[in-house]
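Work through the two exercises below with the sequence and the 3D structure open. Each has a task sentence and a stepwise solution.

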Amino acid sequence: MPIQLLSPDVIGKIAAGEVVERPVSVVKELVENALDAGSRSVSVEIVAGGCDLIRVADDGCGITREELPLAVERHATSKLLAAEELNSVSTLGFRGEALASIAAVSEMTLVSATSSASHAHGMHLVAGKLLQTTAATRTRGTTITVEKLFFNLPARRKYLRSAAAEAAHVAQLLSHLAIAYPEVAFDLVIDGRRSLNTPGTGDPLDAALKVLGKDVALALLPLDGTVETDRPVRGVAARVSGFAAAPRISRSTRSGIWLTVNRRPVRSRALSYAVEEAYATLLMVGRHPVAVVDLQVPPAEVDVNVHPTKVEVRLLRERLIYGGLRDVVRSVVAADSSWGKEVGGLARADNRQEDGGEGFRMGRLVEAPLAPASPPPEEFTTSGRRIPILR
Ligand code: ADP
Ligand code: MG
């Protein structure tokens, strides 16, 4: 066969396959857009695991009527102008392909109103083709409804697991976002039943209470530390905040470790291990801790553009942050168990640094998907005390 350029239709479907793997990918992109739009309230509804219907409604800035058709164009974004900005993206989205990709494999209805507009306006697309524009009424914000996901990609549809399994993914994602964004009120309804509802007070403990339940929330110890670097100049490589549950709380899987980097929910085997190592000897074999960790990393030192759906990130100083995170968590949880402190009370240990004889296991880091290249050895300091890198 001669070499030919692919048609835009085929290109669209291929790209959609990367961004939209399953219903939860759609929910993730739509909710991230809602957060980028400055919403204080985000409601999500799914039917049949999201295969029949996904609806995300927000009270964010909305999209003007003129811009609505652009929003579903591929590579159209309001969040990035120049390539240099890729080094410092602060929004969750920036690739400008989510709406276009989702629209290409579903029937999509958008309704949006900006604060200045007295009316809302909407459009309806099937397989990415605009079929209808409408006028509607709603208050400021955007509602996007996605129906019949993958109706034109039967192979993808066949690979989806049960509706219950897909719904569980969605619930896990919303839980993570609700914890990471306590100032936003989240609401999740699965097949007509409310599964999650957070108050949006801005207090992380309020969100954690709703997501993790009372027992876990009461056992949470606040994390607050920095990972410092001497290279190339003295500075902060990461700020660690969040909560680690006292070791009397544990889970049989790693699903209790919730990580965000600059408030972006991420999967990171390396960082999860760092948290686990902090609990070494404190938990029984086969048990895993519960922790909610946010790392604030200088935007230029984290690459969020390594994965189409941005769930994986690459940290410039991963090795340093690995050790620092482990030590910050360990100082808090070890203090709790060794002195039997009242849960929820004083959570920080004194300046005693624990290493727990665990050392720094290169082998583990190599396993981690986030560490393609070995960063140079560095010294790090945690909570002000310098610790030489362990080899
Ligand atoms: P990206 O988020 O990478 O910019 P998307 O395809 O997800 O790309 O969205 C395209 C554009 O549509 C966004 O840049 C934004 O301007 C607009 N948009 C999408 N969803 C919303 C929303 N819920 N509220 C306001 N604007 C939105
Ligand atoms: Mg987006």
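**Exercise 1: the second largest pocket**

At least two residues each of the lining of the second largest pocket come from helix 2, strand 2 (53–58), helix 3 (68–71), helix 4 and strand 6 (141–147). Helices (H or I, at least four residues) and strands (E, at least two) are DSSP runs, numbered from the N terminus. The model is predicted, with pLDDT of at least 70 needed for local features and 80 or more for side-chain atom pairs, while totals for chains, interfaces and linings use all residues. Residues are numbered from 1 along each chain as written, chains are lettered from A and ligands numbered from 1 in the order written, and side-chain values use heavy atoms, without hydrogens and water.

Task: find which element gives the most to this lining.

Solution.
1. Helix 2 contributes six residues, the most.
2. The pocket holds about 750 Å³ of space.
3. Of its 35 lining residues, Asn33, Ile63, Ala71, Ser78 and Lys79 are closest to its centre.

**Exercise 2: ligand 1**

Task: locate ligand 1 and list its contacts with Thr77, Ser78 and Leu99.

Solution.
1. Ligand 1 sits in the second largest pocket.
2. A polar side-chain atom of Thr77 is 2.5 Å from an oxygen atom of the ligand.
3. For Ser78, a side-chain N or O atom lies 2.5 Å from a ligand oxygen atom.
4. A polar backbone atom of Leu99 lies 2.9 Å from an oxygen atom of ligand 1.
5. Helix 2 (23–36) and helix 4 (98–104) each supply at least two residues of the shell around ligand 1.

Conventions:
Polar contact = N/O pair within 3.5 Å; in protein donor to acceptor, adjacent residues only side chain to side chain. 1 Å grid on protein atoms, 1.4 Å probe; cavity = no way out; pocket = protein on both sides within 12 Å on 5 of 7 lines; lining within 4 Å. Sits in = over half its atoms within 2 Å of the grid points. Points joined across faces, edges and corners; volume = space filled by probe spheres on them.
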